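Here is a short tour of the model, from its helices and strands to its aromatic rings. Keep the structure open while you read.

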Amino acid sequence: MQIRLASELDLDVLVTLFDDYRQSLGFDAEPQKCRHFVATRLAENDSMIFVALEDDRPLGFVQLYPSYSSLLLKPVWYFDDVFVADEFRGKGIATALINKAKSLAQGTEVLFVKRTQVVNDELVPSLTNITDTEGLYLYHCEP
């Protein structure tokens, strides 16, 4: 399995994954709107998307949104979007995606923040150093 930063060349793969992600949360299929949303994120470089692939098959993604915290006085990456296609779940792919994002955050001394508490049993072990601070769940912070 390869996990890498997505580019505009991955647009078709990401649209399919992103639309499936939204449908898994109860939203209607809207591939054209998803295409516009993802294409805009990639073109404007206002989010970071890591995509997991195996033999050119898309497995899943995690999307990070850079920002700053005035409360923590630090740059942060918010992650709200992590998704693995149904047929690949239970294989540690979501954990691997999160670990890739955490590794990049650690290497750049950015806080890695989830705005809502993760309750998915598969993901909880991969999210360490959990601190509930001002309503933010800090899953990674500098050592």
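A quick word on terms before we start: helices here are DSSP runs of H or I with at least four residues, numbered from the N terminus. Is Lys 33 buried or exposed? Lys 33 has a relative accessibility of 58%, and since the cut-off for exposed is over 50%, Lys 33 counts as exposed.

**The overall picture**

Bear in mind that this is a predicted model. The protein chain has 3 helices and 7 strands, and along the sequence they run β-α-α-β-β-β-α-β-β-β. Of its 143 residues, 44% count as buried. Among contacts with a separation of 6 or more, 58% come from residues 24 or more positions apart. The chain exposes about 8000 Å², and carbon and sulfur atoms supply 51% of that.

The average pLDDT for the protein chain is 80, and 78% of the residues score at least 70. Helix α2 comes out highest, at 96, whereas strand β6 (residues 131-133) is lowest, with a mean of 44. The pLDDT is below 50 over residues 117-143, yet this stretch has 68 contacts in the model beyond near neighbours in sequence.

**Aromatic rings**

How many aromatic pairs does the model hold? The count comes to 6 aromatic pairs. Two of them are set out here.

| Pair | Geometry | Centre to centre | Angle between planes |
|---|---|---|---|
| Phe 18 and Phe 37 | stacked | 5.3 Å | 20 degrees |
| Phe 61 and Phe 83 | tilted | 6.3 Å | 45 degrees |

Take the stacked pair of Phe 18 and Phe 37. Phe 18 belongs to helix α1 (residues 11-24) and Phe 37 to helix α2 (residues 31-44), so the pair ties together parts that are 19 residues apart in sequence. Phe 18 counts as buried because its relative accessibility is 8%, and the cut-off is under 20%. Phe 37, at 29% relative accessible area, is partly exposed. Phe 37 also has a charged neighbour: the charged end of Arg 41 sits over its ring, 4.7 Å from the centre.

Now for the tilted pair, Phe 61 and Phe 83. Phe 61 lies in strand β3 (residues 57-69) and Phe 83 in strand β4 (residues 74-84), so this pair ties together parts that are 22 residues apart in sequence. Both Phe 61 and Phe 83 are buried.

Where do these rings end up? Ring pairs link Phe 18, Tyr 21, Phe 37, Phe 61 and Phe 83 into a cluster.

**The β3-β4 hairpin**

The two strands that carry Phe 61 and Phe 83 pair with each other as well. β3 and β4 run antiparallel, over 10 bridges, and form a hairpin with 4 residues between them. In the turn, Leu 73 has a positive phi of about 55 degrees. Ser 69 stands opposite Lys 74 in β4. Strand β4 is mostly covered, with 8 of its 11 residues buried.

Conventions
Residues numbered from 1 in each chain as written. Predicted model: local features only at pLDDT ≥ 70, side-chain atom pairs only at ≥ 80, totals over all residues. Heavy atoms only, no water. Phe/Tyr/Trp six-rings, centres within 6.5 Å; stacked < 30°, edge-to-face > 60°. Buried < 20%, exposed > 50% of the residue type's maximum accessible area, 1.4 Å probe, protein only. Lys NZ or Arg CZ within 6 Å of the ring centre and 35° of its normal. pLDDT = per-residue confidence, 0-100. Contact = heavy atoms within 4.5 Å. Areas by Shrake-Rupley, 256 points an atom, 1.4 Å probe, with all protein chains shown as cover. Pairing = 2+ DSSP bridges.
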